[in-house]
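Please take a moment with the sequence and the model shown below before reading on. The paragraphs after it move from the whole chain to single pairs of side chains.

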Amino acid sequence: MLEAPTVTLYLARRDAYAEFLSAADTESQVAWFRSDGRYKDEVEAIAAVDAAYAATRTKFNVIDVEGVGPIKEARAVLEQLQAMHKDGGKSPDWHDFKQAREEFVKSAGDFLREMTGGQ
């Protein structure tokens, strides 16, 4: 049986990883809406990108400050999101973003399983 501090830490990390993924998914949706022309103008699009970026970065910082876990993979997700906004967001690379996202999910899951001894 796992001890209470291990369970608490596991849940905190799980929640941090899930919140980062949700923020990244929201930011990728902003990229999609921008490339699809769903914002009334570029000013509105840039404001949406800036807000989504700030939220994603905030969730990443929770992972980054701890210094353990899937930090490298989370950075790759951030890099792919950043690339999606280049050239005015006209041609986001969904494949590379999804690949980075999947790698983060796998690494986060592996790390969480290690914490619990595979339980």
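What follows is a guided walk through this structure, beginning with the overall fold.

This is a predicted model, in which local features need pLDDT of at least 70 and side-chain atom pairs count only at pLDDT 80 or more, while totals for chains, interfaces and linings use all residues. Residues are numbered from 1 along each chain as its sequence is written, and side-chain values use heavy atoms, with hydrogens and water left out.

The protein chain contains four helices and zero strands, where helices (H or I, at least four residues) and strands (E, at least two) are DSSP runs numbered from the N terminus. Taken along the principal axes, the C-alpha atoms fill a box of roughly 55 × 25 × 20 Å.

How much of the protein chain is buried? Of its 119 residues, 35% are buried, a word that here means under 20% relative accessible area, whereas exposed means over 50% and partly exposed lies in between (1.4 Å probe, protein chains only). Among the contacts (heavy atoms within 4.5 Å) with a separation of 6 or more, 72% are between residues 24 or more positions apart.

Charged side chains come next. The protein chain has 15 positive and 21 negative side chains, and the centres of the two sets lie 1 Å apart. In this count Lys and Arg are positive and Asp and Glu negative, with His and the chain ends not counted, and the place of each charge is taken as NZ of Lys, CZ of Arg, CG of Asp or CD of Glu. The structure holds nine salt bridges, each being a side-chain nitrogen of Lys or Arg within 4 Å of a carboxyl oxygen of Asp or Glu.

One of these salt bridges joins the side chains of glutamate 66 and arginine 13, at 2.7 Å from N to O. Because glutamate 66 lies in helix α2 (residues 42–66) and arginine 13 in helix α1 (residues 4–35), the pair ties together parts that are 53 residues apart in sequence. Arginine 13 is buried, with a relative accessible area of 12%, whereas glutamate 66 is partly exposed at 35%.

Another salt bridge brings together the side chains of aspartate 64 and arginine 75, at 2.9 Å from N to O. This pair links distant parts of the chain, since aspartate 64 is in helix α2 and arginine 75 is in helix α3 (residues 71–85), 11 residues apart. Both residues are partly exposed, aspartate 64 with a relative accessible area of 24% and arginine 75 with one of 38%.

In helix α4 (residues 94–115), arginine 113 and aspartate 110 lie three residues apart, about one turn of the helix, and they form a salt bridge whose closest N and O atoms are 2.8 Å apart. Arginine 113 is partly exposed at 44% relative accessibility, and aspartate 110 is partly exposed at 28%. Lys106, Asp110 and Arg113 are linked in a network of salt bridges.

Which residues does serine 107 touch, not counting residues up to four places away in sequence? Serine 107, which is also placed in helix α4, touches Pro70 and Glu73, and at 14% relative accessibility serine 107 counts as buried.
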